[in-house]
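Work through the exercises below with the sequence and the 3D structure at hand. Each task is followed by a solution in steps.

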Amino acid sequence: MSSDNPIQVVLKFEALINEHNADAIVALMTGDAEFIDSLGNSLRGAEKLRSAWAGYFKMVPDYSISHSEIFADGNTVAVFGSAQGTFSKDGQLTKENAWKTPAAWCAVVRNRKIAVWQVYADNEPIRAIMRKSSAG
């Protein structure tokens, strides 16, 4: 498969997410790329996206995603798998703050870059940890 293949672009994007490299993630996104989180919130623009990725990696330093299935219909790629990590308020990773949830992503690839990255996941596991952490 060549890098022209939308699935290959998405697999590279997945690898960059798992490397926690916000600059490389944004470099693989189009200039007008859109990120849509699991609550439907949307971000556009390289600086906003870079800041959001860097902030998330600070909050969940061991964040990773994995796929079990991936399909493409033209330039639209559907990814099914899981997301996991450990919520950290202070840089410390503790077992009780670890979470894992089934997840899916929809990507639109344009000119060998990610134009849209939409997350579908139940983020209640990390939200519950965050609530408990702020109460304590």
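**Exercise 1: Aromatic rings**

The structure holds nine aromatic pairs, where rings of Phe, Tyr and Trp (its six-membered ring) pair if their centres lie within 6.5 Å. This is a predicted model, in which local features need pLDDT of at least 70 and side-chain atom pairs count only at pLDDT 80 or more, while totals for chains, interfaces and linings use all residues. Residues are numbered from 1 along each chain as its sequence is written, and side-chain values use heavy atoms, leaving out hydrogens and water.

Task: Classify the pair formed by Phe71 and Phe80 as stacked, tilted or edge-to-face.

Solution. 
1. A pair of aromatic rings is described by the distance of the centres and the angle of the planes.
2. For Phe71 and Phe80 these are 6.2 Å centre to centre and 65 degrees between the planes.
3. Planes under 30 degrees apart count as stacked, over 60 as edge-to-face and the rest as tilted.
4. The pair of Phe71 and Phe80 is therefore edge-to-face.
5. Phe71 counts as partly exposed because its relative accessibility is 44%, the class between buried (under 20% relative accessible area) and exposed (over 50%), with a 1.4 Å probe and protein chains only.
6. Phe80, at 36%, also counts as partly exposed.

**Exercise 2: One side of a helix**

Solution. 
1. Helices (H or I, at least four residues) and strands (E, at least two) are DSSP runs, numbered from the N terminus; helix 4 covers residues 124-135.
2. The expected span is 1.5 Å times one less than the number of residues. For the 12 residues of helix 4 this gives 16 Å, which agrees with end C-alpha atoms 16 Å apart.
3. Ile126, Ile129 and Ser133 are the buried residues of helix 4.
4. The buried residues pack against helix 3 (46-59) and strand 5 (98-110).

**Exercise 3: A buried serine**

Task: Is Ser133 buried or exposed, and what does it contact beyond its neighbours within four places in sequence?

Solution. 
1. Ser133 counts as buried because its relative accessibility is 17%.
2. Leaving aside neighbours within four places in sequence, Ser133 is in contact (heavy atoms within 4.5 Å) with Phe87 and Lys89.
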